[in-house]
Amino acid sequence: MEYRYLGKSGFKISEVTYGNWVTAASQVENDRAIATVHAALDAGISTFDTADVYANTGAETVLGEALKGTRRQSIEIFTKVFGPTGPKGHNDVGLSRKHILESIDGSLQRLGTDYVDLYQAHRFDHFTPLEETMQAFADLVRMGKVLYVGVSEWTADQLRQGAALAKELGFQLISNQPEYSALWRVIEGEVVPASEELGISQVVWSPIAQGVLTGKYVPGQAHPEGSRATDDKGGANFVKRWLQDDVLQRVQDLKPIAQELDLSLAQLAVAWVLQNDNVATAIIGASRPEQVTENAKAAGVVIPVELMTRIDEVLGDAVERDTSITATRSPSQREA
């Protein structure tokens with residue numbers, strides 16, 4: 001495993017992060033979810049990402065249980081606040097001071113720790129003054145409950161506003177967590193340049209494009225049984241945008257490139273996002289321990305420039321680059 005600094009800080013994290021978004025307390029049985037966490041530790045992964053909204057707090061509980069007995073100083077735990085939790089009452093959502101300060105205590109209890117290494121604003125809150133949100137984060141840093149602060153799916157302008165307020169309050173934003181893959185590059189036009197300017201790293205999710213970049217979905221064939229595309233608990237909704245035959249064929253056409261590098265298609269996809277210097281880590285999810293073991297091998301891989309060019313040529317116009325999409329990721333109405 002290789003490690004990178006997160007943002008403009010002295011904080012290092014593993015190039016591959018274990019994420020338990022849909023892999024704990026929802027679509028995967030807890031025993032198997034715990035086994036995947038242990039496989040991540042065995043593979044040298046030290047960074048673990050979750051959120052209170054995942055499985056309505058259940059994912060944090062499973063992760064905390066799985067990490068019991070692990071030396072706390074040797075791992076980095078990330079979680080998030082924003083989405084509706086608990087009974088989803090009128091103050092159980094967003095980035096108000098009330099919700100942030102109450103949510104961190106719940107997260108710490110479920111995770112079995114006194115602090116989180118990175119606390120992230122899961123989306124931008126259009127209904128709470130940004131000053132209120134950033135003051136709450138600053139207070140958590142001073143309390144020692146949070147070591148570093150990040151955000152998720154913020155636009156370039158939102159990052160600039162947040163970073164300026166953080167600086168005034170005596171801390172810094174060091175990360176942004178957007179979707180990013182060889183097929184989904186909407187952050188490249190505006191978010192990445194702004195982040196480089198501000199000293200913010202990307203902690204990217206879905207580097208394998210919800211499993212599509214593994215090549216397991218073949219044009220003209222039925223989707224594999226048990227795959228995300230057949231998951232009626234929510235997984236199918238996230239992957240369906242990629243399931244056109246043209247996209248799937250382009251992914252199959254990446255196989256010769258992966259073979260040149262002695263990588264699987266999944267490893268190629270994870271290694272691809274890590275070629276971006278502004279990316280600190282790629283979050284991988286897994287429903288089986290062996291998936292973690294294999295995908296972690298993408299750390300440290302260097303893809304030659306000529307092969308990066310060939311990947312662009314193969315994927316062509318299947319790639320989504322519309323920078324305006326980021327602005328739609330934060331809800332314009334309260335979810336609860």
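Reader: What do the buried residues of α12 pack against?

Author: They pack against α8 (245-252), α9 (255-260) and α10 (265-274). Contact here means heavy atoms within 4.5 Å. Some ground rules come before the details. This is a predicted model, in which local features need pLDDT of at least 70 and side-chain atom pairs count only at pLDDT 80 or more, while totals for chains, interfaces and linings use all residues. Residues are numbered from 1 along each chain as its sequence is written, and side-chain values use heavy atoms, with hydrogens and water left out. Helices (H or I, at least four residues) and strands (E, at least two) are DSSP runs, numbered from the N terminus.

Start with α12, residues 305-315. Its buried residues are Leu-307, Met-308, Ile-311, Val-314 and Leu-315. Buried means under 20% relative accessible area, exposed over 50%, and partly exposed in between (1.4 Å probe, protein chains only). These five residues cover an arc of only 120° around the axis, so they sit on the same side of α12. That arc is taken from the directions from the helix axis to the C-beta atoms. On the other side, Val-305, Glu-306 and Glu-313 are exposed. Gly-316 follows α12, with a positive phi near 50°.

Now the strands. In a regular strand, side chains alternate between the two faces of the sheet. Strand β9 (residues 201-204) has both faces covered: Ser-201 and Val-203 are buried on one side, Gln-202 and Val-204 on the other. β9 pairs with β8 (residues 173-176) in the parallel sense, over two bridges. Strands pair if DSSP finds at least two bridges between them. Gln-202 is the bridge partner of Asn-176. β9 also runs parallel to β10 (residues 279-284), joined by three bridges. There, Val-203 stands opposite Thr-281. β8, helix α6 (residues 191-198) and β9 form a right-handed β-α-β unit. Right-handed means that, with the strands pointing away from the viewer, the path from the first strand over the helix to the second runs clockwise.

Strand β6 is the other one to inspect. Six of its six residues are buried, so β6 is largely enclosed by the rest of the structure. Four bridges join β5 (residues 76-81) to β6, and the two run parallel. Thr-79 has Tyr-119 as its bridge partner in β6. From β5 the chain crosses through helix α3 (residues 97-111) to β6, in a right-handed β-α-β crossover. β6 is also parallel to β7, with five bridges. Here the bridge partner of Tyr-119 is Val-149. β6, α4 and β7 make a right-handed β-α-β unit.

The structure holds seven aromatic pairs. Rings of Phe, Tyr and Trp (its six-membered ring) pair if their centres lie within 6.5 Å; planes under 30 degrees apart count as stacked, over 60 as edge-to-face and the rest as tilted. Tyr-119 and Phe-137 have ring centres 5.9 Å apart and planes at 85°, so they are edge-to-face. Tyr-119 belongs to β6 (residues 116-121) and Phe-137 to helix α4 (residues 130-143), so the pair ties together parts 18 residues apart in sequence. Both are buried. Phe-124 and Trp-154 are also an edge-to-face pair, 5.0 Å centre to centre with 80° between the planes.
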